[in-house]
Amino acid sequence: MQDGCGRTADYLRVSLTDRCNLRCVYCMPATGIQTLPHEQILTLEEVTRLARCFALLGVRKIKLTGGEPLVRLGVVRLVRALREISGVEQITLTTNGVLLAQHLDALLEAGLDAVNISLDTLDPARFLRITRFEGLERVLDAVDRAAAAGLPVKINCVPISGLNDEDIVPLAGLARGRVRAVRFIELMPIGCGSAYTAVPFDTLRAELEAAYGALTPYDGVLGNGPARYVSLDGFEGKIGFIRAVTDCFCADCNRVRLSADGDFKPCLYQRAKLNLRDLLRTGADDETICARIREQLRNKPEGHRFGRVQADADTRYMASIGG
Ligand code: SAM
Ligand code: SF4
């Protein structure tokens, strides 16, 4: 399906829950967020039905996210059901990794194609400070097990001044062999993120270059997203940079989103104008649902407007929107 600017949308990010077992300081307040009542959250059957509609419209890749998708009961069953949808070529998951090891075998068996693991530090004290929980060992164990099982693993890190500057070089080191890519994601001014400052891109590059030598641009395809990759001498995996704010990639945006409560979001930045759960629950057939999705997609904005106050900006937390 195409939006009003001629971009093809073939990649759907589905938030399975707004709940999480961590409280990363740049994502959620210490007390957590006001979570959605259960009845407002899409059932797994509703997610599957909507995914089928999106597949009819041309979606080929689905990413499960949250909140923390692995706290949602039935996630393995959902992966299996999504696998059976005609046209869907790839199902991946973004997780904080804490519960990954215990679900890994079942997820592999269900047909999961790849996993992104969010990890902002390799230091246990900083892990506690950033996520407000213990659990680094479990995440590292999950990284090892997933990679050993042959699942493509990407690590996602959000470098933040005064929080994990010291982790940039050691985290990048994971791409020496263990993982397919380590990606540095620019902090976005969403929710608690507004209170922090991203490590500037030039600083990131300089630190990586000082530690590991020249960063050579890599033009191969590695995933569905907007990351720009570089190679490092002696590294099997790549290093990626995702700069949503300072190097906006909206012109090539191929993604749409479904929030845990059924909001259809053509753009991460913009407040949703269509709730697909309501449409489903009032008995709409697939044809009507597809028509409404198409209609909304036509109005996808040309680009985000982070940093400028806009009436239509989504003011919810990242965990609610589905990061
Ligand atoms: N809980 C899962 C996880 O942490 O991977 C999935 C949801 S989380 C919201 C998805 C990604 O969004 C994580 O990599 C997280 O670091 C990132 N994120 C959260 N808040 C952000 C912000 N303000 N700016 C940029 N990335 C953010
Ligand atoms: Fe939870 Fe992911 Fe947000 Fe951390 S970034 S609080 S793990 S949703």
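Tutor: Start with helix α3, residues 100-110, where Leu100, Leu104, Leu107 and Ala110 are buried. Those four cover an arc of only 140 degrees around the axis, which puts them on the same side of α3. Keep in mind that this is a predicted model.

What covers the buried side? The cover includes helix α2 (75-83), strand β3 (90-95), strand β4 (114-118) and helix α5. Then look just past the end of the helix.

Which residues of α7 are buried? They are Phe201, Leu204, Leu208 and Tyr212. Look down the axis of α7: these buried residues fall within an arc of 60 degrees, so they line one face of the helix. Asp202 and Ala210 sit on the other side of α7 and are exposed. The buried residues of α7 are covered by parts that include α6 (168-172), β6 (181-185) and β9 (238-242).

Helix α1, residues 44-56, can be checked by the same sum. Its 13 residues should span 18 Å at 1.5 Å a residue, and its end C-alpha atoms are 18 Å apart, which agrees. The buried residues of α1 are Leu44, Glu46, Val47, Thr48, Leu50, Ala51, Cys53, Phe54 and Ala55. Just after α1 comes glycine 58, with a positive phi of about 115 degrees.

What about other residues? Most residues other than glycine have a negative phi. Arginine 132 has a positive phi of about 65 degrees, although it is not a glycine. Find arginine 132 in the loop between α4 and α5. Its relative accessibility is 32%, so arginine 132 counts as partly exposed.

Is glutamate 134 buried or exposed? At 64% relative accessibility, glutamate 134 counts as exposed, because the cut-off for exposed is over 50%. Leaving out residues up to four places away in sequence, glutamate 134 touches Phe127 and Leu128. Threonine 216 is 82 residues from glutamate 134 in sequence, and their C-alpha atoms are 36 Å apart in space.

Go on to the stretch around strand β11. Aspartate 263 is in β11, which runs over residues 263-265. At 16% relative accessibility, aspartate 263 counts as buried, because buried means under 20%. What joins the side chain of aspartate 263 to that of asparagine 275? A polar contact of 2.9 Å does.

Lysine 273 sits in the loop between β11 and β12 (274-275). With a relative accessible area of 55%, lysine 273 is exposed.

Finish with the ligand. How many residues surround ligand 1? There are 18, and the closest are Tyr26, Gly67, Thr94, Ser118 and Met188. Take the polar atoms one by one. An oxygen atom of ligand 1 is 2.5 Å from an N or O atom in the side chain of serine 118. An oxygen atom of ligand 1 is 3.4 Å from a polar backbone atom of threonine 95. A nitrogen atom of ligand 1 is 2.8 Å from a polar backbone atom of methionine 188. Taken alone, ligand 1 exposes 550 Å², and the protein buries 94% of that.

One link back to the start. Strands β3 (90-95) and β4 (114-118) are part of what covers the buried residues of α3. Thr94 and Ser118 are among the residues closest to ligand 1.

Definitions and conventions:
Residues numbered from 1 in each chain as written. Chains lettered and ligands numbered in written order. Predicted model: local features only at pLDDT ≥ 70, side-chain atom pairs only at ≥ 80, totals over all residues. Heavy atoms only, no water. Buried < 20%, exposed > 50% of the residue type's maximum accessible area, 1.4 Å probe, protein only. Helix = DSSP H or I, 4+ residues; strand = E, 2+ residues; numbered from the N terminus. Arc of directions from axis to C-beta. Contact = heavy atoms within 4.5 Å. Near = heavy atom within 4 Å. Polar contact = N/O pair within 3.5 Å; in protein donor to acceptor, adjacent residues only side chain to side chain. Areas by Shrake-Rupley, 256 points an atom, 1.4 Å probe, with all protein chains shown as cover. Expected span 1.5 Å × (residues − 1).
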